[in-house]
Amino acid sequence: MTELLTRRKILTLAAVSTAAMALAAGSEAWSEDAPATQVPNAPGAKAPPSAGTVDEAKLLAPGTLKDMVMGKADAPVTIVEYASMTCPHCAHFATTTLPTIKEKYIDTGKAKLILREFPFDPRAAAAFMLARCAPEERYYPLVEVLFKQQEQWAGAANAEEPLLQISKLAGFTQESFKACLTNQKLLDDVNAVRERGANEFGVNATPTFFINGTRYSGALSVDEMSAIIDGLLK
């Protein structure tokens, strides 16, 4: 059973700054990362060994939060990624592998991606909450910026200001920023997504991928993920 991230951990008790406790919590609680794969972008890379399978219908069943889908709903390959916003390997995947996978498979209708919350620390939970509070069309663009600028906020002495500035790019005001981070139901829902991933699908590190129900751990390279997807498209 993973430890729930409580509102007390996300928010300060001081009325002056409702997000300060989570955002100034320090960087000692960074995510438990799945190890990166050993041969990134090796030409002709084979599909890595899987870590088992899950019932795909159960995996794709609606949860407490709406799945945010990148790509066409009827794409034959479904990639479900459990990630933490403070996970360096997740950021590596988002910034180095995903753009090529998006171009090759997602934009061409061959695959779709569903990102699910698996925060290991209060800052990751806060970042996911902000992404969920953004308009749906800005969800993935905001996630992309949060990963690209991860070092600026995840390891900062006080993350409130850098997260606020990033959020403003998605249309947040200081008031809507703080309102989002005081949304107890949203925090509960983010926790529920994480608990479901851990309890029902065995997720215990990030990133963890389920590709058409088959599980893979670690920040897969372009060639490794391509080998998996190509094998499913044959």
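Is Phe118 buried or exposed, and what is its relative accessible area? Select Phe118: this residue is buried, with a relative accessible area of 0%, where buried means under 20% relative accessible area, computed with a 1.4 Å probe on protein chains only. The model is predicted, so local features need pLDDT of at least 70 and side-chain atom pairs count only at pLDDT 80 or more, while totals for chains, interfaces and linings use all residues. Residues are numbered from 1 along each chain as its sequence is written, and side-chain values use heavy atoms, with hydrogens and water left out.

Rings of Phe, Tyr and Trp (its six-membered ring) pair if their centres lie within 6.5 Å; planes under 30 degrees apart count as stacked, over 60 as edge-to-face and the rest as tilted. The rings of Tyr82 and Phe118 are edge-to-face, because their centres are 6.2 Å apart and their planes stand at 90 degrees. Tyr82 belongs to strand β2 (residues 77-83), whereas Phe118 lies in the loop between β3 (111-117) and α5 (122-133), 36 residues apart; helices (H or I, at least four residues) and strands (E, at least two) are DSSP runs, numbered from the N terminus.

Now select Phe120, which is buried with a relative accessible area of 16%. Its ring and that of Phe118 have centres 5.3 Å apart and planes at 75 degrees, so this pair is also edge-to-face.

Finally, display Arg194, which lies over the face of Phe118, at 5.7 Å from the ring centre. A charge sits over a ring if NZ of Lys or CZ of Arg is within 6 Å of the ring centre and within 35 degrees of the ring normal.

Notes: Buried means under 20% relative accessible area, exposed over 50%, partly exposed in between (1.4 Å probe, protein chains only).
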